[in-house]
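Please look at the sequence and the model shown here before reading on.

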Amino acid sequence: MYYGNDNQDFLWRKGVMLTGRKSTGGIGLVLAQTPHRFRGLDTISEIIFIFDLVLFICFCSIIATRFILFPKTLKKSLSHPTESLFLATFWISVSNILSQIQIHGVPRCGPWLIVTMRVLFWMYAAMTFCVAVGQYFFLFTGKPLTIQSMTPAWILPVFPIMLCGTLASLMGKTQPPDHALPILVAGITFQGLGMLIATFMYSAYLRRLMTDGLPSPNTRPGMFIAVGPPSFTSLALLGISSDLHLIYPSYSTISGITHPEIIADVFRIIALSTAIFLWATAFWFFCIALVSVVHGAFSREGMSFHLVWWAFVFPNVGFTIATIQIGDALVSEGVKWVASGMTIVLVAVWLLVGCTHVRAVWKREILWPGKDEDHDQ
């Protein structure tokens with residue numbers, strides 16, 4: 001890692017925090033929720049959480065140092081048509097950390113952390129909404145992008161605000177009803193915003209695949225990003241629906257409902273049905289990405305490590321957790337075992353990509369002067 005010049009190298013995308021760091025946090029979330037557990041698994045999840053925090057602090061410090069030494073690079077990175085997309089991964093990392101604090105910290109701390117999480121949720125929602133509006137505004141008014149350059153990374157600016165739904169689904173059960181209700185409503189609102197924007201982007205993405213074919217083999221792992229929005233929407237709906245019985249009908253109701261005691265049950269049924277067809281959509285994108293990567297790996301051009309390889313992990317974190325929650329909702333041991341198998345495979349892929357990443361850095365194949373490994377992303 002170097003600081004020798006003030007070009008575009010080693011900014012948001014190459015800060016690794018945006019790729020490996022969010023994937024590491026995602027593994028911690030999966031291990032904390034996987035259905036078939038063994039003694040010590042909670043400890044492993046907590047260790048990964050601490051490791052994740054250390055990585056976050058280190059990479060934030062590195063990127064901040066870069067911007068202090070070369071102030072112009074901040075403006076360049078935020079105005080660059082592809083580099084700026086990866087600013088969103090900073091906020092995805094923040095969401096991961098807040099989610100892990102909710103899982104590991106809230107049950108062991110006093111009411112002060114519940115209040116703190118509530119404040120942080122609204123701060124996160126406000127800032128990520130500004131990011132979603134601001135980044136797309138800069139993209140709309142900056143250098144024109146072509147449909148040939150379209151990748152699932154165009155979804156990234158709206159990804160952080162969409163994760164408000166995931167965060168709300170974790171927080172709802174621990175917040176007092178008068179605070180839980182607005183948090184859950186905000187979670188549904190922003191999850192819907194993110195999913196709809198992603199759906200609009202999918203049309204451009206599929207058009208690009210139909211008219212220009214698959215991306216270059218080295219960047220095909222980025223196709224897994226498309227798995228994320230339907231997966232995280234699925235798990236958010238299921239998580240939020242499981243908490244509504246704490247609010248309806250004991251605390252609040254909905255106008256025009258003559259039997260408020262069924263509100264939570266009706267929403268749960270709708271949420272489960274929606275989650276299943278969203279899961280199927282995610283599975284289709286997963287299969288397309290997997291077949292494309294395998295095809296690229298055995299092509300004449302072959303594949304070498306790029307930072308986009310971390311897309312093997314994070315989008316599939318949401319896919320795995322969605323499968324876990326569908327299994328819980330259906331009370332299906334078979335689905336739960338599938339989810340446990342997915343967890344094992346995901347951890348193995350995380351370790352493989354991590355080792356390959358370290359090897360690439362050690363051999364000076366990436367993050368080194370003259371190595372513009374992301375020029376085609």
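Contact, as the word is used here, means heavy atoms within 4.5 Å. Helices (H or I, at least four residues) and strands (E, at least two) are DSSP runs, numbered from the N terminus. This is a predicted model, in which local features need pLDDT of at least 70, side-chain atom pairs count only at pLDDT 80 or more, and totals for chains, interfaces and linings use all residues. Residues are numbered from 1 along each chain as its sequence is written, and side-chain values use heavy atoms, with hydrogens and water left out.

**An enclosed helix**

Helix α7 (residues 164-171) has 8 of its 8 residues buried, so it is largely enclosed by the rest of the structure; buried means under 20% relative accessible area, exposed over 50%, and partly exposed in between (1.4 Å probe, protein chains only). The buried residues are C164, G165, T166, L167, A168, S169, L170 and M171. Their cover includes α4 (88-105), α5 (111-141), α6 (159-162), α8 (177-212) and α9 (228-241).

α8 passes α10 in a left-handed crossing, a term for the near helix being turned anticlockwise from the far one by less than a right angle, whereas clockwise would be right-handed. On the α8 side, I188, M195, Y202, Y205 and L206 meet F267, L278, W284 and F285 in α10.

The crossing of α10 and α11 is left-handed. Here R268, L272, A275, I276, W279, A282, F283 and F286 in α10 meet N316, F319, A322, T323, I326, A329 and L330 in α11.

**Further details**

α8 has 36 residues and reaches 51 Å from its first C-alpha to its last, close to the 52 Å expected at 1.5 Å a residue, where the expected span is 1.5 Å times one less than the number of residues. G213, whose phi is positive, near 80°, follows α8.

V294 lies in helix α10 and is partly exposed, with a relative accessible area of 42%. Although V294 and R220 are 74 residues apart in sequence, they are 9.4 Å apart in space, C-alpha to C-alpha.
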